[in-house]
Amino acid sequence: MTFKPQTLSPYLSARHYFGAEQRRHREAAQLSLLQLADILNSSKSTLARIETAELMPPPDLPDRLDAAFGTDKHFHGLYELAKREAHPDQYRRFMDFEAQAEVIENFGAQALPGLLQTREYADAQLSLREELLPDQVEERVNARMSRQERIHSAKPPLRWAIIDESVLLRPFGSRESMYRQLAWLLEQMDTPDSKVQVMPFSVGAHYLMGGALTLLTLPNGSTVAYEEGIEVGHLYEDRDSVKKWRRHYEVLRAKALSPAASAELIRQAMEDYKPCDTAPS
């Protein structure tokens, strides 16, 4: 069967343009992907995914491409643009990365991370989105719950979550559903595959208090970071940016309560949501 290269969209983003330029120069040099991989000491699959913008180029590749093609700093400049822009399919890419991640580390300042949510909590949170119709809310809740299937698999990822104390005090849904949510959270506090820490108010202000952060460690040892605000998020794949977010996360981990102390704080919060006993008639 004859191989047919995938059609590229070079003007969709800087990342797409980088990939299209790599292919253009490669074909002008009459090199196959395998031949270019040998020259660059890379892999054919990596270069193929870069050409189709499925993969952010590794930081050392642009200079090697410039050296191989004699293009001065052409690829270096494209890389500098690509690593600073939001990828048009970044949330889909984040989901793809999460599905294969071996370690998932979250911080939630305003709400619980999706992998820790019960269906009731997720429904209450997504129902706040005014642009979503009821059936769209249900669809997104189902999608969020499906992400949790790996937790119950034979080889679950290691999950580490840090949540702000305010998350325990802000109910999503009814008091009863919030009680069930915290009870479910307790089950994941300190297991071989899951750790949860609470960031107490007593720590004061910190760098990440305005949003949410997820770090995903992939099978090849690399890490990507996803930082999320109220309506927008940004996926970081370049080494320097990920290193910055990793540093902030490790500071939080050091300041947060231990899982045992966090569990005690959660139990205290549960008292406020505890279902009231029905009064005798």
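Ring pairs join Phe18, Phe69 and Phe75 into a cluster, where rings of Phe, Tyr and Trp (its six-membered ring) pair if their centres lie within 6.5 Å, planes under 30 degrees apart counting as stacked, over 60 as edge-to-face and the rest as tilted. This is a predicted model, in which local features need pLDDT of at least 70 and side-chain atom pairs count only at pLDDT 80 or more, while totals for chains, interfaces and linings use all residues. Residues are numbered from 1 along each chain as its sequence is written, and side-chain values use heavy atoms, with hydrogens and water left out.

Across the whole structure, seven aromatic pairs are found. The ring centres of Phe18 and Phe75 are 5.4 Å apart with planes at 70°, so this pair is edge-to-face. Phe18 belongs to helix α1 and Phe75 to helix α5 (residues 74-82), 57 residues apart; helices are DSSP runs of H or I with at least four residues, and strands are runs of E with at least two, numbered from the N terminus. Both Phe18 and Phe75 are buried, that is, under 20% relative accessible area, with exposed over 50% and partly exposed in between (1.4 Å probe, protein chains only).

| Charged residue | Ring | Distance to ring centre |
|---|---|---|
| Lys244 | Trp245 | 4.3 Å |
| Arg253 | Trp160 | 4.7 Å |

In helix α6 (residues 90-100), the residues Gln90, Arg93, Phe94, Phe97 and Glu98 are buried.

Technical notes:
Lys NZ or Arg CZ within 6 Å of the ring centre and 35° of its normal.
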